[in-house]
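Morning, everyone. I have one structure to show you today. Please take a look at it first.

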Amino acid sequence: MAGSELTRIHAELGKLSAYIGDRTEIEIDDVRAIVTPSIEYKVFLILETLLNGDLAQATTATNSALQGSNPTSLISLLSSQLRRYLYIKYVQDGKRTDAEAVQDLKLNPAKSKYMIRQTKQLVRRVSADRLKACYADCIEADYAVKSGLLRDRAALDALMLKIAQRATN
């Protein structure tokens with residue numbers, strides 16, 4: 001939730017420590033109340049909810065993400081994440097290995113096992129064709145913004161709707 005940067009994690013732990021006071025244990029509710037989710041976590045949450053077809057929850061997560069980012073950046077982050085998901089789906093389907101994923105996606109080897117395991121759980125119930133279509137939707141949204149066809153927020157909203165609708169088809 002806090003990301004992987006040590007200085008950020010240290011700062012979030014300091015906030016948690018001050019929040020719990022004299023208690024000896026940190027509860028999950030404490031973390032939810034105090035820790036500011038990283039943009040990476042927010043993108044993961046947005047895509048997880050969209051791939052499950054929950055547009056309302058994805059919209060809430062998107063609005064939260066937009067407080068520290070802009071729609072064009074968020075489209076780019078969603079695109080990058082979907083590319084990773086698709087690659088990990090290929091790993092899951094036996095078309096690639098974990099080691100190839102780490103190398104080709106330029107992942108940090110120290111963090112990659114957790115990321116690959118989490119992503120495999122998420123993409124298990126999503127077909128490679130659906131992931132490809134969602135990735136193509138991201139590319140189209142990015143093009144629409146950069147060519148002036150759509151404003152950035154309109155393109156992001158349309159993208160989210162397309163991805164959520166693919167969950168129900």
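Let's start inside. In α3, the buried residues are K42, V43, F44, I46, L47, T49, L50 and L51. Buried means under 20% relative accessible area, with a 1.4 Å probe and protein chains only. Helices here are DSSP runs of H or I, at least four residues, numbered from the N terminus.

A word on the source. This is a predicted model, where local features need pLDDT of at least 70, side-chain atom pairs count only at pLDDT 80 or more, and totals for chains, interfaces and linings use all residues. Residues are numbered from 1 along each chain as its sequence is written, and side-chain values use heavy atoms, leaving out hydrogens and water.

Back to α3. What do its buried residues pack against? They meet α4 (55-65), α5 (71-92), α7 (109-123), α8 (128-146) and α9 (152-168). Contact here means heavy atoms within 4.5 Å.

Now its geometry. α3 covers residues 39-51, 13 residues in total. From first C-alpha to last, α3 reaches 18 Å, close to the 18 Å expected at 1.5 Å a residue. That expected span is 1.5 Å times one less than the number of residues. Just after α3, G53 takes a positive phi of about 80°.

Zoom out. The protein has nine helices and zero strands. Its C-alpha trace spans about 55 × 40 × 30 Å along the principal axes. Of its 169 residues, 36% count as buried. Take contacts between residues at least 6 apart in sequence: 63% of them join residues at least 24 apart.

Notes: Helix = DSSP H or I, 4+ residues; strand = E, 2+ residues; numbered from the N terminus. Buried < 20%, exposed > 50% of the residue type's maximum accessible area, 1.4 Å probe, protein only.
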